[in-house]
Amino acid sequence: MKRSLDVCGACLPTRGSAAGLALMALLGGCGTESPGTNPSTFEVVGADGLRAGDGVGPDAGSDDAAEADAPTGALRGRVYLHDPVTDQGETTLVTLVQPISTDGTLHGPYANVWNCLNQPGGPKVRYGEVEVGAFCLEQQTAKVGDDGGWLHILPPTDPSDPEDPFAEVQMYHHVHAMHAYFKDHFGLSAVDYPLDALVNVNLYIDPKIAPLAGLSPGWQDFANAAFVPKDAFAAFHLPPRKADAIIFGQHGKTDLAYDASVIYHEYTHAMIGTTRLTSMIPDFYGIDHMPGALNEAFADYFAASMTNHPVIGAYAIAASGAHLIRDLSIVRRCPLDLIGEIHADGRILSSALWRVRAQIGAQFVDGVVLRAVQQFTKATSLQGAVKLILSEAEGEDAAMHAAFKKIFTEQGLIDCLRVKPWKDWKAEDTVDKVPYRLMGRGKLGGQGFPDGVPGPLQFSVALPSGTKAVTLRWQAWAPGFFSQPTLAIGVQPAKPVTLNLFDKGKIDAKAVMPMSPDPGDIAWQSVTLTGACLEGAAGKLYVLPLNAANADAEVTRMTLTMHTTTPTGPNLRTCK
Amino acid sequence: MSGRWSLLRWPRRSGSSALAVATALAAAALCPQGVEATPPRQGQARATTPTDPTPAHLQRAHLAAEAAIASLRARSRGLKVQWQRDGVLPELLTALRWQPRSALATPEATARAFLAAHVGLCGVGANAGMPPRFELLAIERLRARAVLRFQPFAQVAELGRALPIEGAVASVTLDESGAVIGFTSDLNVLLAPSPARITAGEAERLARAALGPAFATAQVGSARLVLAQQWGATRLAYSVPTVARIGVQHERVLIDAHDGSVVARDNEVRQ
């Protein structure tokens, strides 16, 4: 069984969708926290570190010098090299790639940029048989000036402007910069065509319909960015496209196109992440979501390497919550930092690569990683990915290989078993604020998983001497449903629970126990284990969450209680 | 490589706990780098439909892979192997070096010669599985190196034609000298699938139903027959493209053509 991940939220993780929530997901159900944290300081890399926009980026020397060298403004424009926050509001003079259009629009060899205007005339959007609104109107508004350049197009005075042509210039420049980075330095040619790029994407909701759908009327923000296959645009009744596209929304005062790191992230997906690392596949320990996490890791890593700055989304992602910013200079480790969400879990590898890069330089690391990534399949495992990267490094230089291996080892990437301790835990109090998600049969079941669809992670419970029983509690819900989800756990003393991959994913465990409504709190589920599950546990019990329902479920809180005497209660389960 | 059992091969870490887990693991045949590999023992895997793989199938496929790797290791002493999650076939080979006995004109010819000479890497040999046919998807170049990505196809007797194996890719990496230096695959053992019992129209209806209420108004495209890999078996399946009318969702649903169950769903939007 192989499938790719369905995440809502561009670079942003959000809750799963249920009936009627798909629209909300599109409209940016990614949080409404106020924007703004300053990114961490820049990390200086070795002398061979590749520079942002190398070849198509900032002009050499100061702006004044650059302008002095250019008697005309031909092909010149101003962009944020990183984003408005990191660049402290300052734009930089750059030379744009010569467009191939003949009408002065930003249709270049590797990017065809469209502004999606909040104006009537866009394709209608229907929900069922009801017309609920319209997609924004695609036009190319950034036109070349009389001097042959785009210096007349600057950031709007009103940052909430949903139609600003500056977003087009910013997008055009950075897509070409990233393309040049991949092609000129490493020879990648997978996207040697003008990739459609939409900026200022919004959606209009008919005021007459909005209250019925529980939506706000008028133009709705899209607080996200995404790589979208060409066929998926039919969802908006858009004109057929010849190729895939990347789309970027306008969200309040945040224009996602202003954040180069987000552009680079999405473009990396387009370059290397569409034909590989798209599977979610069971392994012996549960559902292995790591191919998707690897895909995100590389999108983040190359975005950071391109900007020579470890923070992804200092401006654009911050608008949906500062906790969603991904700073690769913050080291994450496997398995302790795993949470089962691909963007967050991708940070383990991306932060490791960032550390290696800081030690031995971008040119070497980026080349090694790209050579490995090129060989990946749709289902390449974390273990396989690590081995390929190490093999590529080893083939180049023994010392460099040692640097990779040391950091990969330190961050637990070699032989990482997806097991972390079960402890008192609350998603809201964690750095990522992401719940543990348990996919239901509707997505992954088929005729397999007779005991329930396993989660991506297992948990271990350390048993102090004399423990007679253990109470495991969690607060769980199925988004879009009022009733409690049908969840269970596979329990195995001393060793991880395993799946039989040749018998439809049947659980090999001491026991499979239902998680029942907790007698103390209706919003919780619990089980108290005693008996054979604890005997012979050698101090450790392993627990694999299982979802037997069709709907996805989320665990938002967990608690653990040890008992030195066997308690009583409706949820006491004795393992035989 | 021998065909001996080696319980120490799993779970890729040392220590007595590894041995304990490996001992109890049903159907485990994971084969970490550099360690002897053996297929599942009789009785560990259980055939649940006539065309599910039997332990004998898996064992033969695994031994065929081992034989192919052994022949490669004779010329690439540093060869390293990472086995797929189910441990039957290799996920990747590194530190590999193989060249055809006589120079071939193109990278594609070399890659095809490599695959033909080592069909065991795909579990083919001693009646272990059906031989796949490879269609070149792309040649991706990185400087002087070329990675050739192939889409595997397999012949379906009842249809009298070959079908693509959905989601599977095999790639062969060549260096600047034209030598094969890497192989990766997520191709499982290919067995003759159960015959189709449902129609394309029924598959489209089932796909829509499987998507649930969030996709109640989804557009459903034409179903096409493919081969899908699930639980170690090759299944005849309908691939049904669906597009939500609202929301950034573009799901491809695989419906088992034999029993109508959902084999897999893919959301192709990447965010």
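The legends below describe close-up views of a helix packing and of several salt bridges in a predicted model.

Local features are given only where pLDDT is at least 70 and side-chain atom pairs only at pLDDT 80 or more, whereas totals for chains, interfaces and linings use all residues. Residues are numbered from 1 along each chain as its sequence is written, chains are lettered from A in the order in which they are written, and side-chain values use heavy atoms, with hydrogens and water left out.

**View 1. Packing of helices α3(A) and α6(A).** Helix α3 (residues 166-186) and helix α6 (residues 290-307) of chain A pack at an angle of about 100 degrees, with their axes 11 Å apart; they are therefore roughly perpendicular to each other (65 to 115 degrees). Axes are lines fitted to C-alpha atoms, for helices over the stretch in contact, and angles run from 0 to 180 degrees between N-to-C directions; helices are DSSP runs of H or I with at least four residues, and strands are E runs with at least two. The contact (heavy atoms within 4.5 Å) is made by Ala177(A), Met178(A), Tyr181(A) and Phe182(A) of α3(A) together with Phe302(A), Ala303(A), Ser305(A) and Met306(A) of α6(A). These residues divide into seven nonpolar, one polar and no charged.

**View 2. Salt bridge between Asp432(A) and Arg347(A).** The closest N and O atoms of this pair are 3.8 Å apart, a salt bridge being a side-chain nitrogen of Lys or Arg within 4 Å of a carboxyl oxygen of Asp or Glu. Asp432(A) lies in the loop between β18 (425-426) and β19 (436-438) of chain A and Arg347(A) in helix α7 (residues 342-360) of chain A, so that the pair links distant parts of the chain, 85 residues apart. Both residues, Asp432(A) and Arg347(A), are buried (under 20% relative accessible area, with a 1.4 Å probe and protein chains only).

**View 3. Salt bridge between Asp518(A) and Arg473(A).** The two side chains meet at 3.2 Å, N to O. Asp518(A) lies in strand β27 (residues 516-518) of chain A and Arg473(A) in strand β22 (residues 469-477) of chain A, so the pair ties together parts that are 45 residues apart in sequence. Both Asp518(A) and Arg473(A) are buried.

**View 4. Salt bridge between Arg235(B) and Asp256(B).** In this pair the N-to-O distance is 3.8 Å, and the residues, 21 apart, belong to strand β10 (residues 233-243) and strand β11 (residues 250-256) of chain B, respectively. Arg235(B) counts as buried at 8% relative accessibility, and Asp256(B) counts as buried at 3%.

**View 5. A network of salt bridges.** Asp283(A), Asp288(A), Arg418(A) and Arg85(B) are linked in this network. Over all chains, the structure holds 21 salt bridges.

Technical notes
Parallel < 35°, antiparallel > 145°, perpendicular 65-115°, else oblique. Nonpolar A, V, L, I, M, F, W, Y, C, P; charged D, E, K, R; others polar. Buried < 20%, exposed > 50% of the residue type's maximum accessible area, 1.4 Å probe, protein only.
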